[in-house]
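Where does the ligand sit, and what surrounds it?

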Amino acid sequence: MSGETTASSGDGRVVALCGGVGGAKLALGLQTVLGERLHVVVNMADDFEHLGLHISPDLDTVLYTLSGLSDRQRGWGRADESWNFMAALAEVGGETWFSLGDRDLALHVERTRRLAAGESLTGIAADIAKRLGLTAQLWPVTDDPIRTIVVTPDEKLAFQRYFVAHRCEPAIRSIRFDGADKARLSAGVRAALQPEGLRMVVICPSNPYLSIDPILAVPGLRDAVRVAGVPVVAVSPLVGGQAVKGPTRKIMDELGVAADTEAIAAHYRGLIDGLVIDAGDAVGARAVDLPTCAVPTLMTDDASKVRLAQDVLAFGDALCGSTSVR
Ligand code: FO1
């Protein structure tokens, strides 16, 4: 890690690795603080073909969250939504297990058209992010196909089938990221992770196993982070050993991983220089052989998202001068 003070200068770029709902909240806080200096690398392994449309759930969750269009209660999809399409789809016997709001539908139709016309997921995401008023830059981790497959005792499930249709009920035996080994980092991600002008890398509090691991599985991503030589800070998705939202805790139990600070630190060992944990979990932090920062991590409103973003940035900057074992 570089010790030069320039790397920690406030005007440097920050790269955030982000999945769905939980991570997107911190990304919003970081965007408020950093604006266009924030580069969000988003998981796209949850993408799937549905009703003939290419759906990118994590990408859209970040898009809508950073544009202020997201539905705050649900965490995904758009606010002020109507569901006429779904009602009409049911009338004609279409698949209704995955809800597509009328406004949200426009994004899936337009993205599908542009992909069929030969555009890349990266190019489409960048254009739509600009049209929706994001100041942060949005980068799908790759334009090559990766699909998260959840292996259960009875069958292999595409992620959205597991997460939505089966409501995370089947026990997970293992998780695969089909296609990851052949995927290439997008040019935007490679450029964002260049050492020049980079301040730090943040791993947002998304599900490490379902949302962050697919990003880390792309060949070259881990090396690019390491070579960048800047502080790498992860934010634990656990608060009091419980996942704030989604199936993280259940998945950790099924994977035989203790849902605690040590498990999160172990999961990211070798990649991160520091771990941000919830103030309530500070006790467990003593057993972690990594610099930790215990602050309130529950993001219940915009102010708490900004505060956590500021805490994470200050922690990363403070790590910049310290040596750390990787
Ligand atoms: N999550 C659900 O639990 N039920 C849904 O019907 C659903 C539809 C949906 C449509 C578009 C979209 O971008 C996300 C959607 N999600 C839905 C969330 C999605 O499953 C995400 O993968 C999770 O939020 C985890 O990131």
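Helices (H or I, at least four residues) and strands (E, at least two) are DSSP runs, numbered from the N terminus. This is a predicted model, in which local features need pLDDT of at least 70, side-chain atom pairs count only at pLDDT 80 or more, and totals for chains, interfaces and linings use all residues. Residues are numbered from 1 along each chain as its sequence is written, and side-chain values use heavy atoms, with hydrogens and water left out.

Take the largest pocket. On a 1 Å grid over the protein atoms alone, a pocket is an open set of points where a 1.4 Å probe fits, with protein on both sides within 12 Å along at least five of seven lines; lining residues have an atom within 4 Å of a point. The largest pocket holds about 830 Å³ of space (the volume filled by probe spheres set on the points, which are joined across faces, edges and corners). Its lining counts 44 residues, and Gly20, Val21, Asp58, Trp76 and Phe163 are the closest to its centre. Two or more lining residues come from each of α1 (21-34), α2, α4 (102-116), α6 and α8 (208-216). The largest share, five residues, is that of α2.

The ligand takes up space in this largest pocket (more than half of its atoms lie within 2 Å of the grid points). Its shell has 14 residues, with Asp58, Phe98, Ser99, Gln160 and Val164 the closest (a heavy atom within 4 Å counts). Here α6 gives the most, with four residues.

Now the polar contacts, pairs of N or O atoms within 3.5 Å. Asp58 places a polar side-chain atom 2.7 Å from a ligand oxygen. Gln160 also uses a polar side-chain atom, 2.7 Å from an oxygen of the ligand. Ser99 instead uses a backbone N or O atom, 2.9 Å from a ligand oxygen.

Notes: Polar contact = N/O pair within 3.5 Å; in protein donor to acceptor, adjacent residues only side chain to side chain.
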